[in-house]
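Me: I would like to learn how to read aromatic contacts in a model. Please take me through them one at a time.

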Amino acid sequence: MSQLANLVVAAGMVATATVVLRRRLRDAPWWRACLTPLASIIGSGFLVLAPILMREFGRAAPLVMLALCIVAYGFGAVMRYNIAHFESQPCPPRIVRGFESLSSWALCFAYVISVCYYLKLFGAFAMALTPWPGEASGRVVSTAVLITIGAVGWRGGLRRLEHLETIAVSFKLIVIGGLLCGLALHAGQTVPKTGLVSDAAHFDRWSQLALAFGLIITVQGFETSRYLGAAYDAPTRIRTMRYAQWISTLIYVAYVGFAAASIPAANLGHSETAVIDMSAVVSNWLPSLLVAAALAAQFSAAVADALGCGGLAEEISGRRLQDRMVYVLIAAAGIALTWAVDVFGIIAWASRAFALYYALQSGLAARLAWNAGTTGERWRSVGFCALGSLGALIVLSGQPAE
């Protein structure tokens, strides 16, 4: 393994740390508002996306990645419109309130599945570098963590873990900085000698489209800005949601592009931890760093989504459903899913759940735009209807990677 690669990875991590740990940036309100959606968008997707796309789409993987980000940006536009126009209405019409209520319940359901998804990956990565890797051992670890979250949540202590998110996100961004620099060096050394190593995948177009639909959760997370109204005003949340989507798009496309150009997809396994094998090609430091970042990021993301689900369910049920009971229900449902479905199946189910939420939010935005009455707003309403239809199509047809 080239010492140069290790040095480049280290330099990339130091450079990223210099940026993200600067007090001036860390204390800036706009960065704190940007960090929550950014943490979700480049969370677990960063661990599974590149191997899946390289295996299934070959050299077209970066274009598929870009397409996923563009679709996500469209749904982000829906969320930004609703922040600007729904929240400012003192008494919205009943049909508008109905869309909001239905979408809130859909988001609760999506949160339950995503907690399981995060902890499924947590278990897999926790055991990846031990003498006992594999599906069964990962499920045992995931189950133990779900039981812990349910118990701690029932006792009211889950909010004490909220501060872990900032630490986990900073560490993850630092590791990502090192990985991107290492991949760029590897691509720069490999491509001039061998050309693009990825071959075109042979799939029928509908299967490829259904598979891409099943990956929408991997670029999801921007909607969290919609629910930060207690801390940030609407213009700040709208602006920082855009920033988060722009930054994550640059990271994802560069990541998948460098990897697809220089690492043969045939060398990657079919497990959820295939990124570890991929990173080992670049630097012998990266596998351990990625595992550490994965554990921190997945646990903090699971806690954040469990808290979000608990608070949202309590609010929309009129306080009839207490958040501590929700945490126990999340743990029970997560354990059942952990043992019934593999991680790629959970990704597809989570994508469908979030697509349902986005479809309902698109319906809300379409109604608000149509009610505005101007020609421009009504054309915008048509666009939101198209996005809602796309969300419904993803719900019906999203498929897991096999």
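This is a predicted model: local features need pLDDT of at least 70, side-chain atom pairs count only at pLDDT 80 or more; totals for chains, interfaces and linings use all residues.

Me: How many aromatic pairs does a search of the whole structure find?

Reply: The search gives 13 aromatic pairs.

Me: Is the pair of Phe-46 and Tyr-255 stacked or tilted?

Reply: Planes under 30 degrees apart count as stacked. The planes of Phe-46 and Tyr-255 are at 15°, with ring centres 4.1 Å apart, so this pair is stacked. Phe-46 belongs to helix H4 (residues 45-57) and Tyr-255 to helix H10 (residues 234-262), so the contact ties together parts 209 residues apart in sequence.

Me: Are Phe-46 and Tyr-255 buried or exposed?

Reply: Buried means under 20% relative accessible area. Phe-46 has 3% and is buried; Tyr-255, at 0%, also counts as buried.

Me: What about Phe-122 and Phe-299?

Reply: Their planes are at 50° and their centres 6.3 Å apart, so the pair is tilted. Phe-122 in helix H6 (residues 94-128) and Phe-299 in helix H12 (residues 286-316) are 177 residues apart. Phe-122 is buried at 14% relative accessible area, whereas Phe-299 is partly exposed at 21%.

Me: Which residues do ring pairs link into a cluster?

Reply: The cluster consists of Phe-75, Tyr-111, Phe-222, Phe-354, Tyr-357 and Tyr-358.

Me: Where do charges sit over rings?

Reply: Arg-80 lies over the face of Tyr-73, 4.5 Å from the ring centre. Arg-352 has its charged end over the ring of Trp-349, at 5.3 Å from the centre.

Terms used
Residues are numbered from 1 along each chain as its sequence is written. Side-chain values use heavy atoms; hydrogens and water are left out. Rings of Phe, Tyr and Trp (its six-membered ring) pair if their centres lie within 6.5 Å; planes under 30 degrees apart count as stacked, over 60 as edge-to-face and the rest as tilted. Helices (H or I, at least four residues) and strands (E, at least two) are DSSP runs, numbered from the N terminus. Buried means under 20% relative accessible area, exposed over 50%, partly exposed in between (1.4 Å probe, protein chains only). A charge sits over a ring if NZ of Lys or CZ of Arg is within 6 Å of the ring centre and within 35 degrees of the ring normal.
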